[in-house]
Amino acid sequence: MSARTTGLVARSCTALLAAGLIAAVTAPPAAAVPEYTTAESGNPFVDGWYADPDVAVYDDTYWVFPTTSRAYREQTELDAFSSRDLVHWTKHSDVLTTEDVSWAEYAVWAPAPVERNGKYYLYFAANDIQSDAALGGIGVAVSDRPEGPYKDAIGRPLIAQFHNGAQPIDQDVFIDDDGQAYMYYGGWGHANVVKLNPDMTSLGTFPDGSTYKEITPADYVEGPQMFKRGGKYYLMWSEGGWTGPDYSVSYAIADSPTGPFTKLDKVLAQDPAVAKGSGHNSVINVPGTDVWYIVYHRRPLSETDGNHRQLAYDRMYFNPDGTIRRIQMKVRDDFADGNALGWKTYGGAWTASGGAYRAGSSAGGKALLDTNFADVTQEADVTVSARGGDAGLTFRVTAPAVGTDSYRGYYAGIGADGKVVLGRVDNSWTPLRTVRLPIAPGSTHKLRVTAVGSAIEVYVDDMLTPKISVTDATFTSGANGVRVFNTPATFDNVAVGPAT
């Protein structure tokens with residue numbers, strides 16, 4: 001896996017397998033081998049503005065260490081998050097702060113965690129130096145515990161100057177099968193690799209006597225990430241501008257940890273229907289499996305503040321020849337994590353509990369995701385509690401506000417008085433079609449909508465034959481969500497994606 005991976009897996013593979021057997025008795029199977037299509041309990045997977053995530057697996061626990069994404073001079077501390085199942089996350093605040101590093105003042109970025117010889121190391125960049133005359137660069141902190149607190153290990157930057165044009169930021173640490181540790185780093189369009197000595201706090205040299213070896217691939221900007229799979233070395237990096245929609249991730253494969261690295265493809269990029277500014281990634285490999293995830297930051301579509309970045313992960317798949325398939329940012333939420341991060345409500349009372357999203361009765365309360373799909377398939381499991389009202393899916397929504405029909409878009413719902421309804425909303429309700437269907441209070445039904453151009457179809461339970469088919473070209477794209485009308489309701493297993 002990334003940055004810590006091979007050394008971690010080599011050190012603890014047998015122990016992890018044993019722990020997996022124990023976990024199979026004492027915890028849900030997913031806690032031992034998480035295998036999902038994406039963050040199925042919703043992206044972002046933790047609350048708050050964060051960026052530049054790097055990861056580690058310590059024993060049976062997954063760790064994510066991100067940059068705290070705030071205004072420049074307010075980036076003075078680092079948090080961490082841990083999980084045994086990649087669903088339920090525990091926040092560990094202030095694992096490292098500038099108070100623990102005498103030379104660091106601000107711009108504490110891109111923490112990179114690794115364990116060796118019973119010690120936990122956290123590499124970080126600070127002060128965003130613009131020249132060799134400034135104090136700052138890449139430092140290293142150490143702790144006896146994964147959650148810290150971490151303290152400066154050497155009292156000065158480990159790398160304090162520009163080498164080969166690379167700004168000393170965005171470090172990533174990788175331990176190879178032979179025990180040799182490498183650090184990959186660099187901003188300003190240049191990437192270097194250095195060797196770390198066994199003490200993990202000093203730099204070694206390459207056979208030619210050099211310390212800094214440039215490995216910059218085409219289009220490289222920042223954020224290198226190294227992992228190993230099938231005996232091959234994968235270097236990933238970020239391209240484009242970090243505040244722009246062109247921020248993205250590309251990769252190369254080499255036979256050596258020092259390259260050469262030739263760009264193969266861009267594998268993660270903005271999806272104008274889901275999120276923008278996706279980049280600066282790390283990689284999780286579930287130990288003992290070939291299950292891989294890409295962990296990265298992205299910016300919600302409606303956000304314009306460059307620092308408003310969130311943590312997300314999606315499944316990463318490989319082709320038979322070892323190349324990486326292009327990654328699709330999926331939209332899922334099964335609410336198993338007990339929260340509704342990424343949702344915004346407009347009226348009504350909404351809670352995420354018991355593995356579902358629950359709404360009290362209201363005259364049109366709705367909850368929306370920050371998406372913008374045109375042709376779309378959207379579905380959810382819907383439980384309507386009371387007769388006389390209905391609940392269901394909203395799609396192609398714009399201009400939402402609090403109020404019964406205060407938005408523009410479409411709504412498809414089911415009612416416990418035995419109906420399926422589809423309508424158009426433009427701050428007033430226009431019914432498009434209603435059909436009768438046996439639906440009892442408290443019963444759960446899978447509701448699906450597929451909209452392609454002007455063709456809209458509504459499915460209930462039977463996903464092969466639509467219950468409603470209409471043609472309406474009034475609204476062409478917008479957000480997706482759920483809605484209630486004069487009934488309590490429960491929603492689960494929400495999924496939104498390109499039309500299928």
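# Aromatic pairs and charged side chains in a predicted model

The protein has a mean pLDDT of 93, and 94% of its residues reach 70 or more. The structure is a predicted model. Across the whole structure, a search finds 28 aromatic pairs.

**Phe-65 and Tyr-150**

- The ring centres of Phe-65 and Tyr-150 are 6.4 Å apart and the ring planes stand at 85 degrees, so this pair is edge-to-face.
- Phe-65 belongs to strand β2 (residues 61-68), whereas Tyr-150 is in the loop between β7 (137-143) and β8 (151-152).
- The pair therefore ties together parts that lie 85 residues apart in sequence.
- Phe-65 is buried, at a relative accessible area of 0%.
- Tyr-150 is also buried, and its relative accessible area is 0%.

- Tyr-293 and Tyr-313 form an edge-to-face pair, because their ring planes are at 75 degrees, with the centres 5.4 Å apart.
- Tyr-293 is in strand β18 (residues 292-299) and Tyr-313 is in strand β19 (residues 310-316), so the pair ties together parts 20 residues apart in sequence.
- Tyr-293 and Tyr-313 are both buried.
- Both tyrosines belong to one aromatic cluster, which is formed by Tyr-36, Phe-45, Trp-89, Tyr-293 and Tyr-313.

**Charges over rings**

- Lys-213 has its charged end over the ring of Phe-206, at 5.1 Å from the ring centre.
- Arg-483 lies over the face of Tyr-411, and the distance to the ring centre is 4.6 Å.

**Lys-195, a buried lysine without a salt bridge**

- Lys-195 is located in strand β11 (residues 192-196).
- Lys-195 is buried but has no salt bridge.
- Asp-178 is the nearest side chain of opposite charge, 7.4 Å away from Lys-195; a salt bridge would need a side-chain nitrogen within 4 Å of a carboxyl oxygen.
- Beyond its neighbours within four places in sequence, Lys-195 contacts Gln-180, Ala-181 and Tyr-182, together with Ser-202, Leu-203, Gly-204, Thr-205, Phe-206 and Pro-207.
- Phe-206, one of the residues in contact with Lys-195, has a ring with the charged end of Lys-213 over it.

Technical notes. Residues numbered from 1 in each chain as written. Predicted model: local features only at pLDDT ≥ 70, side-chain atom pairs only at ≥ 80, totals over all residues. Heavy atoms only, no water. Phe/Tyr/Trp six-rings, centres within 6.5 Å; stacked < 30°, edge-to-face > 60°. Helix = DSSP H or I, 4+ residues; strand = E, 2+ residues; numbered from the N terminus. Buried < 20%, exposed > 50% of the residue type's maximum accessible area, 1.4 Å probe, protein only. Lys NZ or Arg CZ within 6 Å of the ring centre and 35° of its normal. Lys, Arg positive; Asp, Glu negative; His and termini not counted. Contact = heavy atoms within 4.5 Å. pLDDT = per-residue confidence, 0-100.
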